[in-house]
Amino acid sequence: MNVNDSEKAASLLEKEGYVQTSEVEKADLIIVNTCSVRDKAEQKVHSLLGRLRRLKNGENTAIIGVMGCLAQQWGKGFFKRCPHINFVCGTHNIHRIPSLVKEAQLRKKYIEAVNFNGHVPSLDLCVPASKGKISSYVTIMQGCNNFCSYCIVPYVRGREESRPSGDIIREVQRLTEKGVQEIILLGQNVNSYGQTLEEETGFPELLGKIRDLHSVNRIRFTTSHPKDFSDDLINSFAEIDELCEHIHLPVQSGCNEVLEKMRRRYTVEEYLAKVERLRSICPDISITSDVIVGFPGEEEKYFQKTIDLVKKVRFDNIFSFKYSDRPGVASQRFSDKIPEDMKNKRLALLQDIQAKLTLEKNRAQEGKTEQVLVEGTSKGSDADIMGRTRGNRIVNFKGSSRLIGKTVQVKILRGYAHSLRGEMI
Ligand code: SAH
Ligand code: SF4
């Protein structure tokens, strides 16, 4: 979502004549996009802003702006801590970035745009299909109404708002006309898409409308909340050929007591039943998840239940995080916080177990033939190209860069920890 927001900001500024540079010292304008979901992300922003401050202490007169969730959370407070910042732009105000920059050029300092106005104007912003773009994000909704007890997102991104399906379809159409092959639909909880709309389009219907364009090669989406993961959506995996066989379904914990305190509103048993149904419809689907360890009150036996669940589901991969106290969220007030060294131990154990499972899963791909959408040249070698399977696994193989943007058949030769090695057939 943040990548998509950065693209939106960049495209607005490109219209004003700005060009992107990879050399920060040469930039006239620097905008730091921020995340506040965990403390670590917040610390990274402060260390980057510290480096920019040193840059500005010299001759440099660049304008510095901060956008995103942390900008929303801190608002004016940012200027106290970082007086070298010119403007702060919250999550509902991306469309105002060009005018904020102009104001900063005139007034130079302390411009703030963090108001919430009901409708989120940045939802209407489309990302341009730059030349050679193969995959593109398309935002379908903004905000979240779930208020999981640990999560700051509803506070910094506001209430849920879905984008009308006609706007989404037009954006997808425009992107595919420019050669984009893969569309990744974005929302904090795409399963509840449509609830704020007057039209009767739910998420499975939206997927159907995109399929009916017959111009999209691959459709993906993220993220799904398990409580709203419906049978209709599960059936979409059988009915919509363009929908890739991958689902990111964050479970967070394998223990019902913890899930309840997290306010996730599903049980382990319900989660497992959905996974089972999904696999009965689509046996090869790859399933990834998010897991939090060290949630307040997580006893050793509760953590063990998470390990049991991870082993039982055999996720293709997980993103795992140490619980991080966020300002103003419900769990900040919970007692029984877990000590940092315990969280570290649990995280290391979980990651170790998942690394073995991921390797086993990748090895199990050996000998299969996969459809691969070629994305670019490989990181490791100029002679190789890389792409993704429909299950979202990275494959490296020998091939010409002329194949970038094409879908080819690749036989999988080896499975490694983070990728596959293949051979084009
Ligand atoms: N809307 C998505 C995820 C949003 S945040 C969803 O509901 O799945 C991405 C992930 O960050 C979450 O799935 C969760 O695992 C993690 N996360 C959120 N708040 C956290 C916190 N306070 N501490 C640790 N991890 C957190
Ligand atoms: Fe946060 Fe829960 Fe909303 Fe996801 S569903 S963004 S974890 S509150």
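## Basis of the model

Residues are numbered from 1 along each chain as its sequence is written, while chains are lettered from A and ligands numbered from 1 in the order in which they are written. In this predicted model, local features need pLDDT of at least 70 and side-chain atom pairs count only at pLDDT 80 or more, with totals for chains, interfaces and linings using all residues; side-chain values use heavy atoms, and hydrogens and water are left out.

## Domains

The protein chain is assigned domain 1 (2-113), domain 2 (121-362) and domain 3 (369-424); such bounds come from an automatic or database domain assignment. Between the C-alpha centres of domain 1 and domain 3 the distance is 36 Å.

## An open sheet of four strands

Strands E1, E2, E3 and E4 form an open sheet in that order, with parallel pairing. Strands (E, at least two residues) are DSSP runs numbered from the N terminus, and two of them pair if DSSP finds at least two bridges between them. Strand E1 (29-34) and strand E4 (111-113) are at the edges with a single partner strand each, so one side of each has no neighbour in the sheet. On average, neighbouring strands of this sheet are turned by 15 degrees against each other, direction ignored; the axes are lines fitted to C-alpha atoms.

Within the sheet, strand E2 (residues 63-68) and strand E3 (residues 87-89) run parallel and are joined by 3 bridges. Gly65 has Phe87 as its bridge partner in E3.

## The surroundings of ligand 1

Ligand 1 is surrounded by 15 residues, of which Arg38, Gln188, Gln252, Asp290 and Ser324 are the closest; a residue counts as near if one of its heavy atoms lies within 4 Å. Strand E11 (286-293) and strand E12 (317-322) each contribute at least two residues to this shell. By class, the shell holds 6 nonpolar, 4 polar and 5 charged residues; Ala, Val, Leu, Ile, Met, Phe, Trp, Tyr, Cys and Pro count as nonpolar, Asp, Glu, Lys and Arg as charged, and the others, Gly among them, as polar.

Polar side-chain atoms lie 2.8 Å from an oxygen atom of ligand 1 in Arg38, 2.7 Å in Gln252 and 2.6 Å in Asp290. The protein covers 90% of the 540 Å² of accessible area that ligand 1 has on its own, as given by the Shrake-Rupley method with a 1.4 Å probe.

## The surroundings of ligand 2

The residues around ligand 2 include Cys144, Cys148, Cys151, His225 and Arg264. The shell around ligand 2 divides into 7 nonpolar, 3 polar and 1 charged.

How values were computed. Polar contact = N/O pair within 3.5 Å; in protein donor to acceptor, adjacent residues only side chain to side chain. Axes fitted to C-alpha atoms, helices over the stretch in contact; angles between N-to-C directions.
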